[in-house]
Amino acid sequence: MFTSPEQFAATTKALFEFQLETFNTLTTKAVQGVEQVVALNMATAKTSVEEQLAAGKEISVARDPKAVLAVAAAKVQPGIANAAAYNEQLGGIIAEIREEFTRAADAHMTEAKSTLSALICDVTKNVRPGSENAVQIVKQAIDNAFAGYEQVTNATRQAVANVEAQIAKAAATVTPTQK
């Protein structure tokens, strides 16, 4: 498969380009996720301000304290429902980002492992006598690189899972309980 330095260089270049493509995909998805969260936050803030202004108007025209309390009490349940809907939408955005990150990372790992395994196999078949130590050093460097990449990938997955858990926990505190 890799019988010349040019083939080795071409394979290395292709892997590097694939890494850049993967990074670009992940960055694009992260930016899109941030855009979605900002849009959700803006829509939620706008709705909240509108509802608070409407509630303020209703309270200002109330004739007695009972009427004020009734208006305030009537606004609590919709506020809780809105918070729960916000948490659900935010959770959906984060789940979508996690899925995209996982898919891209898995595809990258599979492609890179396959190509580098073929490269290592070819290099070890065509090694000159006395070069075994150099080949072992290259193999170890590649193994270490994969171990590091897998650690970063797992840490990213764990961070996204932690954010999802926090959103679920927050959602549980604002979701109205059925009695």
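**Around the largest pocket**

Modeller: Helix 1 (5-60) and helix 2 (65-125) each give at least two residues to the lining of the largest pocket. Helices here are DSSP runs (H or I, at least four residues), numbered from the N terminus. A pocket is an open set of points on a 1 Å grid where a 1.4 Å probe fits, with protein on both sides within 12 Å along at least five of seven lines; lining residues have an atom within 4 Å of a point. Remember that this is a predicted model, where local features need pLDDT of at least 70 and side-chain atom pairs 80 or more, while lining totals use all residues. Residues count from 1 along each chain, and side-chain values use heavy atoms, leaving out hydrogens and water.

The pocket's volume comes to about 350 Å³, meaning the space filled by probe spheres set on the points. Its lining has 16 residues, with Thr47, Ser48, Glu51, Gly79 and Asn82 nearest the centre. Helix 1 brings the largest share, 9 residues. By type, the lining splits into 7 nonpolar, 7 polar and 2 charged residues.

What else joins the two helices? Lys29 and Glu96 form a salt bridge, their closest N and O atoms 2.6 Å apart. Since Lys29 sits in helix 1 and Glu96 in helix 2, that pair ties together parts 67 residues apart in sequence. Glu58 and Lys75 also meet in a salt bridge, 3.2 Å from N to O, with Glu58 in helix 1 and Lys75 in helix 2. The cut-off for such a bridge is a Lys or Arg side-chain nitrogen within 4 Å of an Asp or Glu carboxyl oxygen.

How values were computed:
Ala, Val, Leu, Ile, Met, Phe, Trp, Tyr, Cys and Pro count as nonpolar, Asp, Glu, Lys and Arg as charged, and the others, Gly among them, as polar.
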